[in-house]
Amino acid sequence: MINLYHLIGDDFLRFQTTHGEISVNVATRAHLEDVVREKFSQNQGFALSTLNLDHLTKMNENFGFLQTYIAQDFVVADGNPIVWMSHLQGKAIDLLPGSELVIPLAQLAQSCGKSIALLGSTDDALQQAASHLQGVVPGLEVVCLISPPFGFDPQGDDAAEMLKQVQASGASLCFIALGAPKQEELAARGGEFAPSVGFASIGAGLDFLAGTQVRAPKWVQQIAMEWLWRLLQNPKRMWRRYAACFAILPGHIWRSWKLR
């Protein structure tokens, strides 16, 4: 067992996986906006990931994914179980799903005079998401849209060329909507090929904006049943994922209590 960290400050919330530890290092939305604004002011890139139970199960199975997560600059909590376990550890963090960060981060970029890029999903979805964002955030510049082909390898040469394209566009922020672990792997390579771009991994966030996927209603989100909504929408795809998440939950709850 090895312990690995990549933190910007306090160790807000710790999780033990089969291969080592990972931590949430950005606790609140205000904190996230502060650190991103600082990166913008210095024209420095970053990688932002949103931790959830599914990611923790993937880390148990794949040491490479844990390493990829450790390479992220900022990690926030995506999922109510992560937030609940922060309370068990005697701490309090905000629930910050990737899909809910798109508009606030786009607003922050616009207010700082920065343009954005969108990477992932389909050409049509990217066009629709860009139009939606520009309608919600007046003055926002969307300077680059990239939809990777089917079978896209985030570790391949094509991925490196895409990152270089984002860098050349002048964008300071790129939303990546590829799903885990591809989006996090691509974001981790950003420091090499697009050093002045911040990469935010947001899952289905762009498809929600485009309307090509429908998120659970607000009342379902408020009662922490979005997982059940997604399961009922696509049971064949989701049941294995949630079964694996429920399997690791008791152990994480126990360890969180011991860390209190």
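This is a predicted model: local features need pLDDT of at least 70, side-chain atom pairs count only at pLDDT 80 or more; totals for chains, interfaces and linings use all residues.
When I call a residue buried I mean under 20% relative accessible area, exposed means over 50%, and partly exposed lies in between, with a 1.4 Å probe and protein chains only. With those cut-offs, Lys 164 counts as partly exposed because its relative accessibility is 38%.

Residues are numbered from 1 along each chain as its sequence is written, and side-chain values use heavy atoms, with hydrogens and water left out.

Let me start with the whole chain. The protein chain has 12 helices and eight strands, where helices (H or I, at least four residues) and strands (E, at least two) are DSSP runs numbered from the N terminus. Of its 260 residues, 48% count as buried, and the C-alpha atoms fill a box of roughly 45 × 40 × 35 Å along the principal axes. If we take contacts (heavy atoms within 4.5 Å) between residues at least 6 apart in sequence, 70% of them join residues at least 24 apart.

Now to the charged side chains. The structure holds seven salt bridges, a salt bridge being a side-chain nitrogen of Lys or Arg within 4 Å of a carboxyl oxygen of Asp or Glu.

Which residue pairs with Lys 164 in a salt bridge? The partner is Glu 161, with the closest N and O atoms 3.5 Å apart, and both residues lie in helix α7 (residues 157-169), three residues apart, or about one turn of the helix. Glu 161 also counts as partly exposed, because its relative accessibility is 46%.

A second pair joins Arg 241 and Asp 54, whose closest N and O atoms are 3.8 Å apart. This pair links distant parts of the chain, since Arg 241 sits in helix α12 (residues 235-258) and Asp 54 in helix α2 (residues 53-61), 187 residues apart. Arg 241 is partly exposed, with a relative accessible area of 24%, whereas Asp 54 counts as buried at 11% relative accessibility. Both belong, together with Lys 58, to a network of salt bridges.

Finally, is Glu 21 buried or exposed? Glu 21 is buried, with a relative accessible area of 7%, and Arg 14, its partner in a salt bridge with the closest N and O atoms 3.2 Å apart, is partly exposed at 27% relative accessibility.
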